[in-house]
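Where are they, and what lines them?

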Amino acid sequence: MNESFRTFLHVLLIWFAGLGAATQFAKIAVPFADIGPLYPDHIAVIGWLLSIISLMGAALGAISGAITARIGPSRLLLTGLVLGGALSLFQSSLPGFQLMLLSRVIEGLSHLAIVVAAPTLIAQITTGRARYNAMVLWSTFFGVAFALNAWIGLPIVDRFGLTSYFALHGFLMLLIAGLIASSGLKSHTDQSIGMGWGISAFLNVHLRTYRSPFISAPAIGWFFYTLTFVSLLAILPGRLPEGQGASIAALMPLAGIVLSWLVVPFLLTVLSCVSVVNLGFALGILTILALFLGAPLAAGCIALFAVLGLVQGGSFAAVPELNDTPEAQALSYGAMAQMGNAGNLLGTPILLVILMGADEVGMFLAVAAFYSIAILVHLVLAQRRRSAGLTRRNDLE
């Protein structure tokens, strides 16, 4: 087996790990109508079973990057997969609400370990054009997992129940862990990192991460992407004429995946990753402008999510483009996990408040404003990198 094919198999296995991590969200979100009846006395707080994972990522995302650099991404990835698989098997027993909620809190740690370690590994084992292509593939894991859970998972729930659904997820997570462990995948660690524990270490990691225009740039742009992605996916189908919502909701994330696969690898040969991200945000603003000029909402929804595929693919590829060392890459992916979870937490409540107070026009204006701020922030951070005189330097001081 030649080295290129071996690397391809490793990237594919890591992507499968990402599908398992995304399913930690999807296994609650997709069959949500079946989750509620399990806990009729807790309907008012049943949403926490889904969002508690985002809370863990928002709180611990940045420090997870430092931990990844210290102990190595392959070890952390395997830990996350095994822990996640064991928790899904436990959840297949359908425990009481308190135990299920506690298991979801711990599962948040498993999810965070996977989504930080996996792209860090990909960045370590690939180079050049192959790295860009691998990062574009990685960026699709969330949308692909949700589509697979809708197409395959829901029929399993309907026929065999949630017990079998959760158990199958747990088994597949453990299987992926076994395949990765036996594949000979190796990663780099940096034992020189003097990361301690406690409040001071926690604050130090955040300072090192967010004051660097190299490490923080992909994450800050990612925040504005996630601030609207899940929220619009939840809100827009309900604004469409009856009979269109379900089909458009399925097409929206798939449009982003297709455009990301087809266009981003080419764009990355002529533009920087950050430029591709800004192009995606700018096209998103133009799509919203087209809606104001009378474009059909259904077509606008699909077009908006399609151009956001540029943000999706470009953001993950920006991490290794801006950061050379394994530590800097791990910190950057940790920050992306943190900002992504923060965006998921805040996006839907913010846009719903705007929608209720200012109607659909106000909501779209807010989305356009978010994208404009994202472009501005990226331009400011790019200027800071230029003023440092080293556009590929790891600014960890």
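## Cavities and pockets

The lining of the second largest pocket divides into 13 nonpolar, 5 polar and no charged residues. Here Ala, Val, Leu, Ile, Met, Phe, Trp, Tyr, Cys and Pro count as nonpolar, Asp, Glu, Lys and Arg as charged, and the others, Gly among them, as polar. This pocket holds about 440 Å³ of space. Of its 18 lining residues, Thr23, Leu148, Asn149, His169 and Leu172 are the closest to its centre. α1, α7 and α8 (162–181) each supply at least two lining residues. α8 gives the most, with 8 residues.

The model is predicted: local features need pLDDT of at least 70, side-chain atom pairs count only at pLDDT 80 or more, and totals for chains, interfaces and linings use all residues. Residues are numbered from 1 along each chain as its sequence is written, and side-chain values use heavy atoms, with hydrogens and water left out.

The terms are as follows. On a 1 Å grid over the protein atoms alone, a cavity is a set of points where a 1.4 Å probe fits but cannot get out; a pocket is an open set with protein on both sides within 12 Å along at least five of seven lines; lining residues have an atom within 4 Å of a point. Grid points are joined across faces, edges and corners, and a volume is the space filled by probe spheres set on the points. Helices are DSSP runs (H or I, at least four residues), numbered from the N terminus.

The largest pocket is lined by 27 residues, and Ala29, Phe146, Val230, Leu233 and Ala234 lie nearest its centre. α7 supplies the largest share of this lining, 6 residues. Helices giving at least two residues each include α1 (3–29) and α3 (48–71).

The structure also holds 2 cavities of 30 Å³ or more. In the largest cavity, 25 residues form the lining, with Phe141, Phe142, Trp222, Thr226 and Phe316 nearest the centre. The largest share, 6 residues, comes from α14.

The second largest cavity is lined by residues including Tyr225, Phe229, Met252 and Pro253. α10, α11 and α13 each supply at least two of its lining residues. The largest share, 4 residues, comes from α13.

| Space | Volume | Lining by class |
|---|---|---|
| Largest pocket | about 860 Å³ | 21 nonpolar, 6 polar, no charged residues |
| Largest cavity | about 410 Å³ | 16 nonpolar, 9 polar, no charged residues |
| Second largest cavity | about 30 Å³ | 6 nonpolar, 3 polar, no charged residues |
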